[in-house]
Protein chains: 2
Amino acid sequence: MGDLFVYNTLVGDKVKFEPVSAGNVGIYVCGPTVYSEVHLGNCRTFVSFDVVVRYLRFLGYNVRYVRNITDAGHLENDSDFGEDKISKKAKLEQLEPMEIVQKYTLNFHSVMSQFNTLPPSIEPTATGHIVEQIEMVKSILENGHAYVENGSVYFDVAKYNSDGNNYGHLSRRDIEEMSAGSRDLQGQQEKRNPVDFALWKNASEEHIMKWPSPWGIGFPGWHLECSAMGAKYLGDHFDIHGGGMDLKFPHHECEIAQCVSAHKKNPVNYWMHTNMLTLNGKRMSKSTGNTLLPEDIFSGENAILNKAFSPMVVRFFMLQAHYRSILDFSSEALSASEKGFNKLMQANLLLQKAIYSKATLDKQLETKVVDLINGCYKHMNDDFNTPLTIATLFELVAIINTLNSTNSFGTLSEKVFNSLQNTMNGFIIDVLGLDSVQINNKNDKSEKLIELMLSLRAEAKNNKDYALSDKIRDDLTKIGVVIKDGKDGTTFTLT
Amino acid sequence: MGDLFVYNTLVGDKVKFEPVSAGNVGIYVCGPTVYSEVHLGNCRTFVSFDVVVRYLRFLGYNVRYVRNITDAGHLENDSDFGEDKISKKAKLEQLEPMEIVQKYTLNFHSVMSQFNTLPPSIEPTATGHIVEQIEMVKSILENGHAYVENGSVYFDVAKYNSDGNNYGHLSRRDIEEMSAGSRDLQGQQEKRNPVDFALWKNASEEHIMKWPSPWGIGFPGWHLECSAMGAKYLGDHFDIHGGGMDLKFPHHECEIAQCVSAHKKNPVNYWMHTNMLTLNGKRMSKSTGNTLLPEDIFSGENAILNKAFSPMVVRFFMLQAHYRSILDFSSEALSASEKGFNKLMQANLLLQKAIYSKATLDKQLETKVVDLINGCYKHMNDDFNTPLTIATLFELVAIINTLNSTNSFGTLSEKVFNSLQNTMNGFIIDVLGLDSVQINNKNDKSEKLIELMLSLRAEAKNNKDYALSDKIRDDLTKIGVVIKDGKDGTTFTLT
């Protein structure tokens, strides 16, 4: 299947993927700060890494996938000063901070489940790892890369770099320039250098979420949790660390510095970053109203798109762009994806239901099919290139539809036919995580009900009652059940 | 509506419920230890407290409902010595302990959601509150009710009682007898008295889940987490603490002692305990094979019951017994509940769809309806007596069915008719948490599909095509959609 290449932000290039421990992959993805409904941009990041994890497992790796929940320590504007995002929302909604955390964690899980993303292997929380974070601050202090000021602990970037390290490497920034360019922000006077960042913050009387520490009552700096939890669950040197590109600096830059100081090791081999998302060509922004929540798209209740789109269509749409490209949401693009999605799922259903019967071999066609099958791996191996993989699947769809309409799957050898079936199912369902009927609830009777309607329709056709059979088809289409008649019976997809 | 009375284990009697803070209720329920699929007995406990929370909210209380996840510190046989339940399972399944936690937390949430229980307001974890637990041990040590031995900290029950406290009060046990009766168990020699219990345990080298503390590397005693988290999220003196009756001793007895020592306050006003569950008259037991998982009941794949039962039927069945009575699962009892459930939901659907048109008032009937409506509150106010509430609802069902078949809802005044509608919906849906069509997934098209089938059936009937209309009804029944024709159209319930 060839080697897997991954674009490594640290290197600035695609590099061959070689796991720390053969056969195993440890991957850490920065999860959401649960103070509001999950953003569509975040969803893109998590769907992208879902495909990364799925593909690694498809290749046979044993993957431990850690994605955290930030439930404390993330201050407004991602800064080291100001109010905790969750505490602020708790005051607004008149709830205890952990009620806010629960409310938006449930929202996050519900949206992730609708997008058919696999739950991570471990989903640790910042408040759940205060002890580990305090221990890490102690190590950094012992190693001389931090200082205590008024009950807060700050990372000493200049001292760290003077010890031969390279803060700024990941984000290609120069600390001299950063220091000179920094404004004199409120509270910054506690820092020796504006580029220094908080490891532990002294809590004021009003601050709600706080814990005792060797430096007084306070709370961990935002960057600390991921370093502590990554090391706890994946070791102090693991394979992949990912997140949105907005996290590259300062979050991930700080993470590296903390880990290198505490563990004297480069923590992560491959840093992966997903690109952002725009809406009708413009940045998403609450203030201009150019914003969409996932639920708004699924329900169609929004002023931006002209109709509702199902989570599977949105997922497919996201994967039609590469994770390192900007993705633009629009009605036109989503509608095109919806058509493509239905076409893809229909063809796969036909293929999976097809019965093979040997015919004269079409050698040329067979070679083409084998090339396309290999192409799926080739594209995914090229830094998880889902758009090219999907394009390749569509080339296979064209062949499948022709073979189906001429009832000639037998012009492929049985071995290649089986491989085609496995490849289509494997890439569509296992790797891309697309599912035509999304039935998370065991009590969902949709599938059985649709089968009943299809059998009523078949009977009506048999009785030449075409008015009834057409009515059934139209009624189903109206509620989003698209049916298609083929040689081997009728298939359906849900939109 | 009268006063609410709650059976308080601490008092051994039903007592009037008066919240600590008017209009607000704080309730803590001991959640599952997530080392295996959630037990049916636990489900009964959580469904029972779900109804308690729902009824309190129905009465207008602002309820903060805390239910924890035990993800560390719970040793085998609930003892102070032996292996951590989660670590042991992690070794068996060759996973990291937190992967076990994630796996079975997801299972737990899925089952709870199928049972239509509301998520708690806060769902804290033991590992997420190590700092708070260590602080609590410090307080207890400072107050002289604990001692350190080989890096472990034990609660000193005799010293605590000699200070005028009453360890043993909740479970009506005498510590002299307990001390005399205790066997000399492995490791017990560290304790000054066999009734003493661990607050913090020294961790051996092999122990996986451990944290630094003032007494060395270790982990919290199992009883500690609930005391620490209850106090953190509900205050050091709150309203209701609940759990299964097997938790009364030692778990809740120890909780009280810890809190009284640390906070010098009785922590909880009302202690509530749910009774156990049997299977065909016998104790559930893995070793004898007399055991059932919730999923086994829903799928029907088990050797004990003769068919599948939906989560809503099982929930209804559970509520047909009082939470303090033993509940026996059997095919016969569940089948009877299934019939009753369908009857109840059908009648309510008819009632909610009925159009009121005034007729001659039947004063006697109206008085009876008003009495029955008041009866629902009266029974729920009597220590959440769900079986008597359900029996009262069935008396209303009989009246509703008669009024419906004679098209004479107008013999009630409009005010009482509206009150009847609100009471039925309020108690069935809001309080008992029963839902005829359980559609958790927004993409579930079942309801729309059933409506399509029903309109096809209505059309077939219009065309006098009774073969088709009967076929549709029979097909629906086969897949668990039970339909019923009434004056005002056709209603359905899912089983």
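How do strand β3 (residues 24-29) of chain B and β4(B) pair, in the parallel or the antiparallel sense, and over how many bridges? Point 2 has the answer; some housekeeping goes ahead of it.

1. **Ground rules.** This is a predicted model, in which local features need pLDDT of at least 70 and side-chain atom pairs count only at pLDDT 80 or more, while totals for chains, interfaces and linings use all residues. Residues are numbered from 1 along each chain as its sequence is written, and chains are lettered from A and ligands numbered from 1 in the order in which they are written.

2. **The β3/β4 pair in chain B.** These two strands run parallel, with six bridges between them. Strands here are DSSP runs of E of at least two residues, helices are H or I runs of at least four, and both are numbered from the N terminus; a pair needs at least two DSSP bridges between the strands. One of the bridges links B:Val25 with B:Val63 in β4(B). Strand β4 (residues 62-67) of chain B has five of its six residues buried, so it is largely enclosed by the rest of the structure. Buried means 20 or more other C-beta atoms within 10 Å of the residue's own (exposed is 12 or fewer, partly exposed is in between), with C-beta atoms placed from the backbone.

3. Three strands make an open sheet in the order β12-β11-β13, and the pairing is mixed. At its edges sit β12 (282-283) and β13 (327-329) of chain B, each pairing on one side only. Strand β11 (residues 277-279) of chain B runs antiparallel to β12(B), and two bridges join them. B:Thr278 has B:Arg283 of β12(B) as its bridge partner.

4. **Chain A overall.** I get 16 helices and 15 strands for chain A. Its C-alpha atoms fill a box of roughly 85 × 50 × 35 Å along the principal axes. Of the 495 residues in chain A, 49% are buried. Take the contacts in chain A between residues at least 6 apart in sequence: 73% of them join residues at least 24 apart. A contact means that the C-beta atoms of two residues, placed from the backbone, lie within 7 Å.

5. **Helix α14 of chain A.** This helix (residues 414-431) has 18 residues and reaches 24 Å from its first C-alpha to its last, close to the 26 Å expected; the expected span is 1.5 Å times one less than the number of residues. Its buried residues include A:Phe417, A:Leu420 and A:Phe427. Among the elements covering the buried residues are α1 and α11 (331-353) of chain A. After α14(A) comes A:Gly433, with a positive phi near 70 degrees.

6. **The A/B interface.** Contacts involve 41 residues of chain B and 41 residues of chain A. α15(B) supplies the largest share of the chain B side, seven residues. By class, that side has 20 nonpolar, twelve polar and nine charged residues. B:Ile450 is found in helix α15 of chain B, and beyond neighbours within four places in sequence, B:Ile450 is in contact with A:Leu449, B:Val481 and B:Phe492.

7. The same surface serves both copies, with 100% of the contact residues of chain B recurring in chain A.

Technical notes:
Nonpolar A, V, L, I, M, F, W, Y, C, P; charged D, E, K, R; others polar.
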